[in-house]
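Work through the exercises below with the sequence and the structure side by side, and try each task before reading its solution.

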Amino acid sequence: MIDTGFLPSKHGLSFGNDKGWGMCGGFVFLARSLFVSKHEAPKERNDFYLFWEQVLSLSISELNKIRFWMTKTDEELKQHVASEVMLLKQKLAGGPLPLMLIYGKGLEEIFENHQVLAWQVDDHDDVLVYDPNQPGNDG
């Protein structure tokens, strides 16, 4: 098992991504930044910080990765799962890792995707994540 020490109920933001307009990356990057810098999560929402962390989550290199994955067929995606889990496990040794969950099937559906923060992989390769749409959920 790989555990970063991050716990959504303790280190995640206590308020949810309730605006419905794609700020999940801001939540994920802010929670990660606060955890790494050992700062406590704010109790109230601050859209200024969330916006700038959202911008950081969508860098050009990240957008290129998203484009790459969004153009793959379901069969192509299945072929990559094992290698991606192995890569995730290696990178988690350095701390919680932002993940983009790809739901869209083309660039016109880019806002159908969702960002979460991986914080643990168990012995069965199940990945536990902080989901800003479900604040405080450790499971």
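**Exercise 1: Fold and overall form**

Task: In what order do the elements of the protein chain run from the N terminus on?

Solution: In this predicted model, the order read from the N terminus is β-α-α-α-α-α-β-β-β. Along the principal axes, the C-alpha trace spans about 40 × 35 × 25 Å. Finally, among contacts with a separation of 6 or more, 62% join residues 24 or more positions apart.

**Exercise 2: Confidence**

Task: Where in the protein chain is confidence lowest, and where is it highest?

Solution: Then go element by element: helix α4 (residues 60–70) has the lowest confidence, at a mean of 80, whereas helix α1 (residues 8–11) has the highest, at 96.

**Exercise 3: A surface patch**

Task: Which residues make the nonpolar surface patch of about 560 Å², and why does Phe-51 count as partly exposed?

Solution: The patch is made by Phe-48, Tyr-49, Phe-51, Trp-52 and Val-55. Phe-51 lies in helix α3, which covers residues 47–57. Because its relative accessibility is 43%, Phe-51 counts as partly exposed, a class that lies between the cut-offs of 20% for buried and 50% for exposed.

Terms used:
Residues are numbered from 1 along each chain as its sequence is written. This is a predicted model: local features need pLDDT of at least 70, side-chain atom pairs count only at pLDDT 80 or more; totals for chains, interfaces and linings use all residues. Side-chain values use heavy atoms; hydrogens and water are left out. Patches are made of residues with over 30% relative accessible area and no salt bridge: like charges are joined within 9 Å, nonpolar side chains (Val, Leu, Ile, Met, Phe, Trp, Tyr) within 5 Å. Accessible areas come from the Shrake-Rupley method with a 1.4 Å probe; for residues, only the protein chains shown count as cover. A salt bridge is a side-chain nitrogen of Lys or Arg within 4 Å of a carboxyl oxygen of Asp or Glu. Helices (H or I, at least four residues) and strands (E, at least two) are DSSP runs, numbered from the N terminus. Buried means under 20% relative accessible area, exposed over 50%, partly exposed in between (1.4 Å probe, protein chains only). pLDDT is the predictor's confidence in each residue, from 0 to 100. Contact means heavy atoms within 4.5 Å.
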